[in-house]
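Please keep the sequence and the 3D view open as you go.

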Amino acid sequence: MSEVKLTELEGRVRREPLLGWFDRFVSFTFRIFAGPAGRIANSMPQLRSQILKSNLRTSPEGLVSMALFATMVAGVTTVFLAVYGFFTLHQVLFLFFPVAIPIVYLVITSLPKLSSSGRAAAIDTELPFVLGYMSVLAGGGVSPIETLRRISQMDVLPASRKEAKRILVDTDVFGFDPITAMENASKQSPSRYWSEFLAGYTAVLKSGGSFENYIQIKLRDLVANRSAVVKNASDLTGSVAEAYLTITVVLGMTLYTLYMVQAMLSGNLGALQNLYLFAFLVVPLISAGFVYLIDAIQTKWPYTDYRPYKFFAAMIPVALVVLFIPIPIPLYLHVSVALGVASGPPASYSLRISRERRRLERALPDFIGDVTEGRKTGLSPEQSIERLSSRNYGVLSRHVKKMGAQLSWGVSLSKVISTFTGAVGSWVTRATGVLLIEVVDVGGGTVRSFTEMAAFARTINDLETQKRSALKPFVFITYIAGIMVIMTTFILVYMLSAPATLGYKAATVDSHTIDLLLTTAVFDSFVIGLVAGKMGESSLSDGFKHGFALVIASVVSVAIARLFINIPL
């Protein structure tokens, strides 16, 4: 009898849903604030719609209860700080009390809007590939719901995979028909383009029209729209670059000048210590904030190659060892060597893989186009690829030769392409490879399917080329910022080293202070170089080479300046 009860208990435990930490936290807060959370949620009818359009998995009452709990914690904390500030005469802490509490509540209740914005951006990024994929499958006679099932299993399209699963849950779990499920998804999607596509798609299905032609039309419209998005993102990046230049360089020059005048008039170099705080703390924090802002503005693919970052992390201990080794050279040179050790090898590695990625993406449309020409002559896709093994496609050539060899051994084309896409670090190449597999498996490798595939690959490559060309000038802007930092330091050092020319007695600058000032310039130039990679090439890993280059430029500039200016070091 006890064994039967134990079996029933185990069955109930297995059937219970596994809750994550977020669900448990919301459940805990709802038990505390169930009453007021329900009343507040009823007064905010738009909150439910915002949650449905976000990636949050909770109810309006749960979100409000979480906001009330966070507000309570913030209130207790700020009351304590206010009391402490009142008795210690720290008015800033006292004024912080009435401001912090509503901010916490507003941030928590605004989470659905922030989440829906991120969800929409992820969908819009993948949508050209999704429509290209649906176009290929539609040409092969695959039904819309079966297309969504295939998308729901694709790791290469993570955002679209989630959207497909949302529709499939309505059809497979709740029993809705596919058209109704897609209409619901259209209403609950934060992406305007995906919502419009689903709405039009269901209308075409209801009227019995050609959804294949509809997909082609929407794909052309989407590509044209994405070109405008790339241009707008580039313009915004330019505005951010100007703001970054103003804050880091102009503000830095202003502070340098003010502290220099203060040091010279007072005869005390203690004021220069504030420059070190600005250089080693404020500039990196500002740079990190601008990198985050640029990442939110720029269009990007849903894949990040973390190999350069891992390489950089592995080189940091080596750089620290170099930094703490007692070497009889000035500190700015010592720091420059350490920064070079930390960023030099990752810069070389990142440069190599980024060049390989771009060359792959540039050669891929030509390769697919040549396969299409082979299909026009009556060759099978496998024979077309084998025939192209001897053709030069640059970086892609070794992959094509490997594919040709594998096909000659009898390996299936799907397996060959999957092996190829798994060995490259380009998300565009991986996504295009998935489409190529579907062209063969679903479309039968027809000439029309390959022609559409070649045109789509070339369009995506043109968009990437357009984006890189639009962002390239911002690298030049950040290089100007780095050079201006060095020039400002030279002027400061020269003015402090030659006070007699100013007609009054000023503080005597020792070599140690000058060495520290030059060290701050080298460090800030390196940080600015990292931002240059994010601004101009949409990747922080590409900033390693710019940081490394600016460190070298700083050292060379100091060497050249010492030929004309007597700088005691």
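**Aromatic pairs, cores and surface**

The structure holds 14 aromatic pairs, where rings of Phe, Tyr and Trp (its six-membered ring) pair if their centres lie within 6.5 Å; planes under 30 degrees apart count as stacked, over 60 as edge-to-face and the rest as tilted. This is a predicted model, in which local features need pLDDT of at least 70 and side-chain atom pairs count only at pLDDT 80 or more, while totals for chains, interfaces and linings use all residues. Residues are numbered from 1 along each chain as its sequence is written, and side-chain values use heavy atoms, with hydrogens and water left out.

**Rings**

- Tyr244 and Phe290 make an edge-to-face pair, 5.3 Å centre to centre with 70° between the planes.
- This pair links distant parts of the chain, 46 residues apart: Tyr244 is in helix 11 (residues 211–266) and Phe290 in helix 12 (residues 273–297); helices are DSSP runs (H or I, at least four residues), numbered from the N terminus.
- Tyr244 counts as buried at 1% relative accessibility, and Phe290 counts as buried at 11%; buried means under 20% relative accessible area, exposed over 50% and partly exposed in between (1.4 Å probe, protein chains only).
- The Tyr306 and Tyr309 pair is tilted, because the ring centres are 6.3 Å apart and the planes lie at 55°.
- Tyr306 is exposed at 52%, whereas Tyr309 is partly exposed at 25%.
- Trp194, Phe197, Tyr201 and Tyr214 are linked into a cluster by ring pairs.

**Nonpolar cores**

- The largest nonpolar core has 69 residues, and those with the most contacts inside it include Phe129, Phe197 and Trp427; a core is a set of buried Ala, Val, Leu, Ile, Met, Phe, Trp, Tyr and Cys residues joined through side-chain atoms within 4.5 Å.
- Helix 6 (residues 111–139) gives this core its largest share, 10 residues.
- A second, separate core of 44 residues includes Tyr332, Leu518, Val531 and Phe544.

**Around Ile179**

- Ile179 is found in helix 9 (residues 178–188) and is partly exposed, with a relative accessible area of 23%.
- Beyond its neighbours within four places in sequence, Ile179 is in contact with Thr202, Leu205 and Lys206, contact meaning heavy atoms within 4.5 Å.
- Ile179 and Ala203 are 24 residues apart in sequence, and their C-alpha atoms are 8.8 Å apart in space.

Methods:
Helix = DSSP H or I, 4+ residues; strand = E, 2+ residues; numbered from the N terminus.
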